[in-house]
Amino acid sequence: MKAFYLHNIFSILIKLVVFISALIGVISCFDLAGFMGGGTTLLYFTIQSNIWTALFLLVEAILNLISIIKKKTIYHPYLNIVKLCVTVSITLTGVVFCFMLAPLEGINAFNITNILTHMVVPILTVVDYFVFYDYRYKLKRFQPLFSIILPLYYLGFSLIGYFANWNFGGGNNYPYFFLNYDSPAGVFGFSDEMPYFMGSFYWIIILVLFVIGVSYLYAYLVSLIKPNNQRLIK
């Protein structure tokens with residue numbers, strides 16, 4: 001029983017750290033000028049994925065607290081699907097920033113806002129996924145595909161913004177360079193101008209495949225992990 005309480009307490013703590021980090025990171029974005037700052041903050045996948053993740057982990061923390069009070073685990077198997085979806089989405093946020101956006105911005109990219117929303121929140125969320133996943137419920141073979149829903153939603157969201165000519169910041173009607181359909185490479189073309197060496201279509205295909213691959217990888221790794229103490233699950 002002591003292990004049960006410790007498990008839930010540590011779960012609550014890491015989830016609250018993620019929630020607070022995301023909250024500080026998102027709020028601080030409103031004071032930034034330029035990219036992802038000011039009134040355009042909520043239009044970016046980074047911010048939206050941080051909000052999804054923070055709210056979901058807050059709900060899980062509340063369920064952990066109820067579990068402690070009732071002395072039994074309170075959880076629904078479908079929450080494991082949602083957990084995978086938000087974890088993969090925030091992973092995408094971290095990877096895109098570290099390998100696609102940060103190299104373009106240089107050292108200026110590593111401010112406290114970006115560190116919290118693009119690094120701290122993604123890393124701790126992935127840790128939380130593997131450490132506090134509810135092992136009683138195994139995902140079915142097709143269920144990792146649900147992870148594509150949130151990125152596809154944002155793709156549609158940004159597409160509407162593109163054609164509606166929303167200002168995503170700096171007068172641009174697109175949030176990220178790879179969603180600039182009017183770039184030198186266009187949608188299906190290629191160019192010598194960096195970072196537009198290939199069109200948006202190819203970026204989207206790569207990102208979709210990445211999301212599906214990471215989703216199945218996480219689900220597979222979880223299926224291999226055996227909880228050290230089954231008594232943690234009541």
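Q: Where is Gly189 found?
A: Gly189 sits in the loop between H5 and H6. Helices here are DSSP runs of H or I with at least four residues, strands are E runs of at least two, and both are numbered from the N terminus. The model is predicted, so local features need pLDDT of at least 70, side-chain atom pairs count only at pLDDT 80 or more, and totals for chains, interfaces and linings use all residues. Residues are numbered from 1 along each chain as its sequence is written, and side-chain values use heavy atoms, with hydrogens and water left out.

Q: What does Gly189 touch?
A: Contact means heavy atoms within 4.5 Å. Leaving out residues up to four places away in sequence, Gly189 touches Met198, Gly199 and Tyr202. By contrast, 38 Å separates its C-alpha atom from that of Tyr129, 60 residues apart along the chain.

Q: Where is the place of Asn173, and why does it count as buried?
A: Asn173 is in the loop between helix H5 (149-163) and helix H6 (200-224). It counts as buried because its relative accessible area is 17%. A polar atom of the Asn173 side chain lies 3.1 Å from the backbone oxygen of Tyr162. Beyond neighbours within four places in sequence, Asn173 is in contact with residues including Gly161 and Trp166.

Q: And is Ser158 buried or exposed?
A: Ser158, which lies in helix H5, is buried, because its relative accessibility is 2%. Not counting residues up to four places away in sequence, Ser158 touches Phe168, Pro175 and Leu179.

Q: How do the axes of H2 and H5 cross?
A: Two packed helices are described by the angle between their axes and the distance between the axes. Axes are lines fitted to C-alpha atoms, for helices over the stretch in contact, and angles run from 0 to 180 degrees between N-to-C directions. The axes of helix H2 (residues 45-70) and H5 come within 11 Å and cross at roughly 140°. Therefore H2 is oblique to H5: under 35 degrees counts as roughly parallel, over 145 as roughly antiparallel, 65 to 115 as roughly perpendicular, and the rest as oblique.

Q: Which residues make the contact of H2 and H5?
A: Phe45, Gln48 and Trp52 of H2 meet Leu150, Pro151, Tyr153, Tyr154 and Phe157 of H5.

Q: Is the crossing of H2 and H5 left-handed or right-handed?
A: A crossing is left-handed if the near helix is turned anticlockwise from the far one by less than a right angle, and right-handed if clockwise. H2 and H5 cross in a right-handed way, whereas the crossing of H3 and H4 is left-handed.

Q: What about the phi of Asn165?
A: Most residues other than glycine have a negative phi, and most peptide bonds are trans. Asn165 has a positive phi, near 60°, and so does Lys71, near 60°. Lys71 is in the loop between H2 and H3, while Asn165 lies in the loop between H5 and H6. Asn165 counts as exposed because its relative accessibility is 57%.

Q: Which residues does a cis peptide bond join?
A: Met194 and Pro195 are joined by a cis peptide bond, with omega about 0°. Pro195 is found in the loop between H5 and H6.

Terms used: Buried < 20%, exposed > 50% of the residue type's maximum accessible area, 1.4 Å probe, protein only. Polar contact = N/O pair within 3.5 Å; in protein donor to acceptor, adjacent residues only side chain to side chain.
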